Amino acid sequence: MAAITYPLAVRSLADMFPDLLHISALASHRINEGKDIGDPFDINAAYDAEKTVQELEPLSRIIPAVSHMHIEAAKNRAHVLRAIHATATVGAVDVLARLDEIQRTQNTTQAIINENQAMLQETRAMVMNIRLASQNAKVPQERNYYKPLQKTSSGHGRELALQVSRPENINHLPPPATIQPAALGTVPPFFDRNTDTYTLGTINSLIIFYNDDFDIEKEDNLEIRKIKFRRWLCS
């Protein structure tokens, strides 16, 4: 009888969340255990994965770095392993269909992880922006000490820039295919703390980066656009 092997990869928690490796309290909770396609069948793997879930849940209440996102990933990982083990040890009428179901579960799990990570990054940026906006609100009249807020809207704002651009600036907007949306929580690498130096092109670049029009309207002149951007930096 051929040896039973894993029909698909089941990533470890540490592989999905490398930051967990820096939490010493998790070292004994099997976060490094994963399975690759073709690995020999481990009869204890599903039980161990379920045990890890049971151990992580109380730890999440005392270790802030262990979030519900990690717990959900651990649960889904245990479900996938349990499904693989059930198919291997009990058998199934349609093994391929079962494997397809497992693959869909993994894909859904990864999509949820990605969505939760994006939401977490957005929340962190929003919290940081409260502090930064408060500091910007205290900037003196010289207006050259503003700090950039972090990006909280995914995607890019080229369409917003197009809607508020003056006719003479529309042709200066970059083609959509050339724009790489910045990651949430980042700041513009071209940010100048002295907003008096800004041009219409600078404002458009900031709209594209932040995916925010800062309440600017098409008829606004450059000075009003700068005033509205300063107001946004303090809000």
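Predicted model: local features only at pLDDT ≥ 70, side-chain atom pairs only at ≥ 80, totals over all residues.
1. The residues around the space are Leu13, Arg30, Glu33, Lys35, Ala45, Asp48, Ala49, Thr52, Arg77 and Leu81.

2. How big is the largest cavity? Its volume is about 80 Å³. Sorted by class, its lining has 5 charged, 4 nonpolar and 1 polar residues. The count is 2 cavities of 30 Å³ or more.

3. The second largest cavity holds about 30 Å³ of space. Ser165, Arg166, Asn169, Leu200, Asn204 and Arg225 line it, which by class is 3 polar, 2 charged and 1 nonpolar.

4. Arg225 also turns up in the list of buried residues of α8, along with Lys226, Lys228, Phe229, Arg230, Trp232 and Leu233. This helix (residues 222-233) has 12 residues and spans 17 Å from first C-alpha to last, close to the expected 16 Å. At its start, a side-chain oxygen of Asn221 comes within 3.2 Å of the backbone nitrogen of Glu223.

5. Back in α3 (residues 68-90), have a look at Met69. Is Met69 buried or exposed? Met69 counts as buried because its relative accessible area is 5%, under the 20% cut-off. Beyond its neighbours within four places in sequence, Met69 contacts Phe17, Ile113, Asn116, Gln117 and Leu120. Asn114 lies 45 residues away along the chain, yet its C-alpha is 9.7 Å from that of Met69.

How values were computed. Residues numbered from 1 in each chain as written. Heavy atoms only, no water. Helix = DSSP H or I, 4+ residues; strand = E, 2+ residues; numbered from the N terminus. Expected span 1.5 Å × (residues − 1). Buried < 20%, exposed > 50% of the residue type's maximum accessible area, 1.4 Å probe, protein only. Polar contact = N/O pair within 3.5 Å; in protein donor to acceptor, adjacent residues only side chain to side chain. Contact = heavy atoms within 4.5 Å. 1 Å grid on protein atoms, 1.4 Å probe; cavity = no way out; pocket = protein on both sides within 12 Å on 5 of 7 lines; lining within 4 Å. Points joined across faces, edges and corners; volume = space filled by probe spheres on them. Nonpolar A, V, L, I, M, F, W, Y, C, P; charged D, E, K, R; others polar.
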